[in-house]
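Please have a look at the sequence and the structure first.

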Amino acid sequence: MNIDAIKNGIVIDHITAGKAMEIYTLLGLDKLECSVAIIKNVSSNRIGKKDIVKIDCDFDFDINVLGYIDSGVTVNVIKDGEIIEKRRMELPDRLTNVIFCKNPRCITSCEQELPHIFKLTDKSKKIYRCLYCETKAK
């Protein structure tokens, strides 16, 4: 398999095997005009098998989404064919409009313009709760 190197863009690496499509969907990568490569089940010394997503353009996205989906992910920013920044993701303390409150009594159900904000309440169990009604995210 041959996948071209990226000149300017982003490489999302060390994705838990099978989660690349979830990242593709949540980041809205289908709307980009540039090349996007999803490589699944690549051998990895560190985690056994992993997925990789290569995006051949710069674009803005909520990096917290990656930490929420898979906190072991690394993000490499590529400029002129060189890695200029490498970030390891962690669980974010807050998520805004990434997950949505399912409680029908929550204020976000009747006030549609309110952002859906969730806070991390238990890092070891990866539990997020709605900022407004404390409902646990699923």
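## Ground rules

This is a predicted model, in which local features need pLDDT of at least 70 and side-chain atom pairs count only at pLDDT 80 or more, while totals for chains, interfaces and linings use all residues. Residues are numbered from 1 along each chain as its sequence is written, and side-chain values use heavy atoms, with hydrogens and water left out.

## The chain as a whole

The secondary structure comes to three helices and eight strands. Both kinds of element are DSSP runs numbered from the N terminus: helices are H or I with at least four residues, and strands are E with at least two. Read from the N terminus on, the order is β-α-β-β-α-β-β-β-α-β-β. The C-alpha atoms fill a box of roughly 50 × 30 × 25 Å along the principal axes.

Of the 138 residues in the chain, 37% are buried. Here, buried means under 20% relative accessible area, exposed means over 50%, and partly exposed lies in between, with a 1.4 Å probe and protein chains only. A contact means heavy atoms within 4.5 Å. Among contacts with a separation of 6 or more, 55% join residues 24 or more positions apart.

## Strands side by side

Is strand β1 enclosed or open? Seven of its eight residues are buried, so β1 is largely enclosed by the rest of the structure. Strand β1 (residues 9-16) pairs with β4 in the antiparallel sense over five bridges, where two strands count as paired if DSSP finds at least two bridges between them. Within that pairing, G9 has I78 of β4 as its bridge partner. β1 also pairs with β3, again antiparallel and over five bridges, and there V11 stands opposite K54.

Strand β4 (residues 74-79) is mostly covered too, with five of its six residues buried.

## Nonpolar cores

In soluble globular proteins, nonpolar side chains tend to be buried together. A nonpolar core is defined here as a set of buried Ala, Val, Leu, Ile, Met, Phe, Trp, Tyr and Cys residues joined through side-chain atoms within 4.5 Å. The largest one has 28 residues, and I12 and L66 have the most contacts inside it. Two or more residues come from each of β1, α1 (20-26), β3 (48-55), α2 (64-69), β7 (117-122) and β8 (127-130). A second, separate core of five residues includes I6, I39, I52 and I78.

Leaving aside residues up to four places away in sequence, I12 touches I23, L27, D51, I52, V53, I55, L66, V73 and T74. A20, in helix α1, counts as buried at 0% relative accessibility. A20 and K50 are 30 residues apart in sequence, yet their C-alpha atoms are 9.0 Å apart in space.

## Cysteines

How many disulfides does a search of the whole structure find? It finds one, taking a disulfide as a pair of cysteine sulfur atoms within 2.5 Å. The partners are C34 and C57, with their sulfur atoms 2.3 Å apart. C34 lies in the loop between α1 and β2 (36-44) and C57 in the loop between β3 and α2, so the bond ties together parts 23 residues apart in sequence. C34 is partly exposed, at 21% relative accessibility.

C106 is in no disulfide; the nearest cysteine sulfur is that of C130, 3.7 Å away. C106 is buried, at 1% relative accessibility. C110 is exposed, at 58%, and its sulfur is 8.0 Å from the closest cysteine sulfur, in C106, which is too far for a bond.

## The largest pocket

On a 1 Å grid over the protein atoms alone, a pocket is an open set of points where a 1.4 Å probe fits, with protein on both sides within 12 Å along at least five of seven lines; lining residues have an atom within 4 Å of a point. The largest pocket has a volume of about 180 Å³, which is the space filled by probe spheres set on points joined across faces, edges and corners.

Its lining consists of I10, D58, F59, D60, F61, I63, V75, V77, E85 and R87. The elements giving two or more residues to this lining are β4 and β5.
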